Amino acid sequence: MGDYRRLLAWHRGYALVLTAYRATATFPVDERFGLIAQPRRASVSVPSNIAEGAARGSPTELRRFAGIALGSLHELVTQIMLARDLGYLDSERARQILVEADDVGRLLGGRVRKK
């Protein structure tokens, strides 16, 4: 399949991980096992699954792992919405993250549908 680092979806997913880590850094310490850890794990799963799918060497495997990455992305979106609604993220910061996640989602969705 080639080098996963050449895939736009991987780059955008990687950037989303950095965004998620920075956003959760200000959450209350009592959320370290909840809304700090969970969004971080979900975000890391996105580019990691893209990389793993690309390393498998077939378009079918890349599609399958892109689907898994898309599931993790939806987990992250849900967790960001919860963080916003609980007051851990201001609405504008949450909106920016959700826009970034939508961008990654479009790229992954295209990859999943690609034959």
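This is a predicted model: local features need pLDDT of at least 70, side-chain atom pairs count only at pLDDT 80 or more; totals for chains, interfaces and linings use all residues.
View 1. Helices here are DSSP runs (H or I, at least four residues), numbered from the N terminus. The chain as a whole averages a pLDDT of 95, and 98% of its residues score at least 70. Residues are numbered from 1 along each chain as its sequence is written. Local features need pLDDT of at least 70, side-chain atom pairs count only at pLDDT 80 or more, totals for chains, interfaces and linings use all residues, and side-chain values use heavy atoms, with hydrogens and water left out.

**View 2. Helix α3 against helix α4.** The axes (lines fitted to C-alpha atoms over the stretch in contact) of α3 (residues 59-85) and α4 come within 9 Å and cross at roughly 165°. That makes the two helices roughly antiparallel, a label for angles over 145 degrees, on a scale from 0 to 180 degrees between N-to-C directions.

**View 3. Who touches whom.** Contact means heavy atoms within 4.5 Å. Among the residues involved are L62, L73 and R84 of α3, plus S91, L98 and V112 of α4.

**View 4. A salt bridge between R12 and D103.** Their side chains meet at 2.5 Å, N to O. R12 sits in helix α1 and D103 in helix α4, so the pair ties together parts 91 residues apart in sequence. The structure holds seven salt bridges (a side-chain nitrogen of Lys or Arg within 4 Å of a carboxyl oxygen of Asp or Glu).

Definitions and conventions. pLDDT is the predictor's confidence in each residue, from 0 to 100. Angles under 35 degrees count as roughly parallel, over 145 as roughly antiparallel, 65 to 115 as roughly perpendicular and the rest as oblique.
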